[in-house]
Amino acid sequence: MAAALATVGAAVAVENPSVTDNPLLAPWSGPYGGVPPFDKARTGQLQPALEAAMAEELANVERIAADPAAPDFENTIAAMERAGRALERVEAVYGVYSSTLNDDAVQAVEREMEPRLAAFQDQIVQNERLFARVETVYESRERSGLTPEQQRLTWLYYTNFVRAGAKLDPQAKKRLSEINQRLAGLYTKFGQNVLADENDQQVVIEKEADLAGLPEAVRAGEAQVAEARGLAGKWVVANTRSSVEPFLTYADRRDLREQVWRMFVNRGDNGGATDNNAIITEILQLRAERARLLGYETHAHWRLENSMAKTPDRAMALMEAVWTPAVARVREEVADMQAIADKEGAGIRIEPWDYRYYAEKVRKVRYDLDETEITPYMQLENLREGMFHMAQQLFGFHFRPVDPSKVPVYHPDVRVWEVDDPQGRLIGLWYFDPYARKGKRSGAWMNAYRSQERFDGDVKTIVSNNSNFVKGKPGEPVLISWKDAETLFHEFGHALHGLSSNVTYPSVSGTRVARDYVEFPSQLLEHWLSTPEILDRYALNYQTGKPIPKELVDKIGRAETFNQGFDTVEYLSSALIDMKLHLAGGQPIDPDRFERETLAALGMPSEIVMRHRTPQFNHVFAGDGYSAGYYSYLWSDTLTADAWEAFTEAGGPWDKAVAKRLSDHVFSVGNTVDPADGYRAFRGRDAGIAALMRKRGFPVPSQAAAPAPAKSH
Ligand SMILES: [Zn+2]
């Protein structure tokens with residue numbers, strides 16, 4: 001261990017003389033307690049900075065482990081909280097490069113560094129003297145005068161160490177570390193393969209007639225993509241969700257819909273260099289072996305132990321309770337669509353590439369609601385102001401734009417706001433990176449560049465929201481879909497969860513909560529988009545400036561549970577496959593076959609494909625994060641639906657008392673309390689399944705019991 005340390009340190013010092021002035025390593029300077037040095041950062045600094053920061057942390061950890069003083073909270077747990085400051089700073093910038101500035105050079109750093117970061121983590125967890133100290137502090141935590149937060153942090157450290165193998169014998173530890181390094185390499189390769197298929201494949205449309213049915217904005221977007229790819233005058237459907245879904249929704253040409261659909265659902269499944277099937281088989285076997293080494297029945301049992309669900313059985317029970325009514329609803333949806341196709345004389349049977357297209361027609365017939373009617377009112381910048389208004393009304397937060405010269409950003413499109421609490425005190429910064437560009441991963445997400453904490457001085461959080469809207473021409477408003485607007489509010493919910501944090505230690509701060517709890521605050525805030533307060537003030541027509549008409553809002557409300565069969569089955573089939581793959585144990589698995597046979601056994605409707613098929617399931621195979629954890633969105637939504645009813649049962653969406661309980665027991669507490677306890681303190685009881693079924697428009701079962709309460713310690 002000491003020898004390994006010396007080698008790392010020496011290599012850094014000799015090979016990278018510039019490491020001492022590497023801006024990624026230095027404490028952040030500037031206003032707001034320092035901000036990320038995006039103006040000085042370069043890709044070439046990432047690897048030496050990661051290496052130096054890892055070496056620094058290992059040296060700190062070694063000092064803590066070798067401390068001659070008897071172990072206590074301060075010299076062990078609190079000391080660990082500050083042992084990796086430099087690495088946290090470097091990883092904040094590395095994360096931005098990985099997710100938003102990704103190119104060949106960054107990918108090379110990922111391939112090199114991800115296995116080494118995994119080995120580095122194991123080195124800390126497997127440090128026996130360190131673990132002995134953590135264990136001592138843990139065993140005496142209830143009688144050594146610690147605050148409840150300190151006790152929970154100690155429990156968290158101990159649990160994380162044990163779960164990562166701190167109690168194994170040396171041979172098992174060695175094997176575990178080999179597995180983790182191999183997995184880290186496979187995760188990187190998996191994600192890069194999906195990205196390669198997304199970047200390299202496309203459907204080129206040569207004739208304008210082939211665009212029939214597509215709204216003007218979709219055509220313009222496809223023309224822009226074509227131009228960017230050297231195909232000016234043509235149209236390109238890129239192999240990404242944001243390009244594919246509008247095409248499948250609107251394009252009249254059925255053969256082109258099928259072509260686009262096949263391209264998209266076969267990402268990572270095309271044979272050749274970017275095929276992910278063999279990688280999945282190996283990942284599953286390694287995960288199963290790791291779980292057995294750690295003393296768990298399967299990877300799923302290991303992963304769920306520290307979640308709110310606690311066991312695969314409880315997660316499966318929830319999924320199965322929703323699956324059957326969702327499939328029944330799909331049968332109804334398909335019948336409605338088939339009726340329209342038959343009436344039109346289309347002479348077809350509804351296939352997966354028809355679902356979105358005919359669903360849109362059903363929506364028009366049944367609800368007289370046309371998505372293109374809504375879009376002119378969905379101006380990105382107005383909706384952003386609407387989110388600020390929501391944060392002000394619910395939590396008393398004020399957002400003020402930061403002068404661009406004061407805070408460096410990594411791309412000119414990124415803007416920064418400072419955020420104050422109701423007393424006018426600064427609580428953090430919010431970075432907003434709204435537009436798609438090459439090298440930025442698809443989808444939308446939030447992350448924290450710095451967590452709130454105050455045990456070593458009052459540190460303000462820095463959070464960011466990222467999405468992939470198509471940037472309009474200068475001066476033109478950016479119009480987004482209703483779904484995108486919901487996503488915008490969702491990610492902002494994560495940001496507010498981070499900004500609300502009011503804890504002492506960074507490891508239990510903000511969104512660092514159980515995986516199946518973290519989506520609850522974000523999903524909940526989606527609900528405020530459709531409130532009259534937000535729509536009347538902020539959903540303004542981009543040409544007339546007039547607010548969205550009440551009839552249209554009412555129609556949106558009536559259509560709220562429309563197509564929930566599709567949405568639920570599309571999502572839940574992925575969640576079930578994820579869980580079943582990880583319950584299958586260590587047998588060699590052929591992913592395509594497993595997927596096919598498992599879906600058949602589940603009674604998967606043939607008209608729908610999984611939202612993420614196994615060979616492209618980044619949530620599950622580009623990292624450990626959501627492995628045996630994709631069910632989390634449904635678990636969280638059970639809480640979300642129930643929590644929203646807390647508002648509607650009281651004074652409505654803006655009820656001050658409910659909002660205060662939400663802030664006090666959910667948004668501000670991070671992981672300082674058990675999530676089940678936090679929820680109960682907010683709601684006065686556990687959440688049952690009834691609200692979730694109402695939200696999705698499914699029949700409420702007569703025995704809609706709450707998931708049994710569970711304690712994590
Ligand atoms: Zn989310």
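The paragraphs below lead through selected sites of this predicted model, beginning with the zinc ion.

The zinc ion has three residues as its protein donors: His 490 and His 494, each through NE2, and Glu 519 through OE. Along the sequence the donor residues follow the spacing H-x3-H-x24-E. His 494 belongs to helix 18 (residues 482-500) and Glu 519 to helix 19, so this pair ties together parts that are 25 residues apart in sequence. His 494 has a relative accessibility of 7% and therefore counts as buried. Glu 519 also counts as buried, because its relative accessibility is 4%.

Helix 27 itself spans residues 675-683, and its buried residues are Pro 675, Ala 676, Gly 678, Tyr 679, Phe 682 and Arg 683. Viewed down the helix axis, these buried residues fall within an arc of 160 degrees, so they line one face of helix 27. At its start, a side-chain oxygen of Asp 674 comes to within 2.8 Å of the backbone nitrogen of Ala 676. Just after the helix, Gly 684 adopts a positive phi of about 85 degrees.

Most residues other than glycine have a negative phi. Ala 628 sits in the loop between helix 24 (618-621) and helix 25, and its relative accessible area of 1% makes it buried. Asp 368 likewise has a positive phi, near 55 degrees, and is placed in the loop between helix 15 (355-367) and helix 16 (371-374).

The next topic is a pair of helices. Helix 22 (residues 564-583) and helix 23 (residues 591-602) have axes that come within 11 Å and cross at roughly 115 degrees. Their crossing is right-handed. On the side of helix 22, the residues that meet helix 23 are Ser 573, Leu 576, Ile 577, Lys 580 and Leu 581. Their counterparts in helix 23 are Phe 594, Glu 595, Thr 598, Leu 599 and Leu 602.

Lys 440 is located in the loop between strand 5 (426-435) and strand 6 (445-450), and it is buried, with a relative accessible area of 7%. The Lys 440 side chain reaches two backbone oxygens, that of Asp 433 at 2.9 Å and that of Ser 467 at 2.7 Å. Beyond its neighbours within four places in sequence, the contacts of Lys 440 include Ser 99, Thr 100, Tyr 435, Trp 445, Asn 466 and Asn 468. Arg 219 lies in helix 9 (residues 216-228) and counts as buried at 18% relative accessibility, the cut-off being under 20%. Setting aside its neighbours within four places in sequence, Arg 219 is in contact with Glu 208, Leu 211, Ala 212, Gly 213, Leu 214 and Trp 235.

Note on methods:
Residues are numbered from 1 along each chain as its sequence is written. This is a predicted model: local features need pLDDT of at least 70, side-chain atom pairs count only at pLDDT 80 or more; totals for chains, interfaces and linings use all residues. Side-chain values use heavy atoms; hydrogens and water are left out. Buried means under 20% relative accessible area, exposed over 50%, partly exposed in between (1.4 Å probe, protein chains only). Helices (H or I, at least four residues) and strands (E, at least two) are DSSP runs, numbered from the N terminus. The arc is that of the directions from the helix axis to the C-beta atoms. A polar contact is a pair of N or O atoms within 3.5 Å; within protein, one must be able to donate a hydrogen and the other to accept it, and residues adjacent in sequence count only if both atoms are side-chain atoms. Donors are N, O and S atoms within 2.8 Å of the metal (3.2 Å for Na, K and Ca); water is not among the atoms, so sites may look incomplete. Axes are lines fitted to C-alpha atoms, for helices over the stretch in contact, and angles run from 0 to 180 degrees between N-to-C directions. A crossing is left-handed if the near helix is turned anticlockwise from the far one by less than a right angle, and right-handed if clockwise. Contact means heavy atoms within 4.5 Å.
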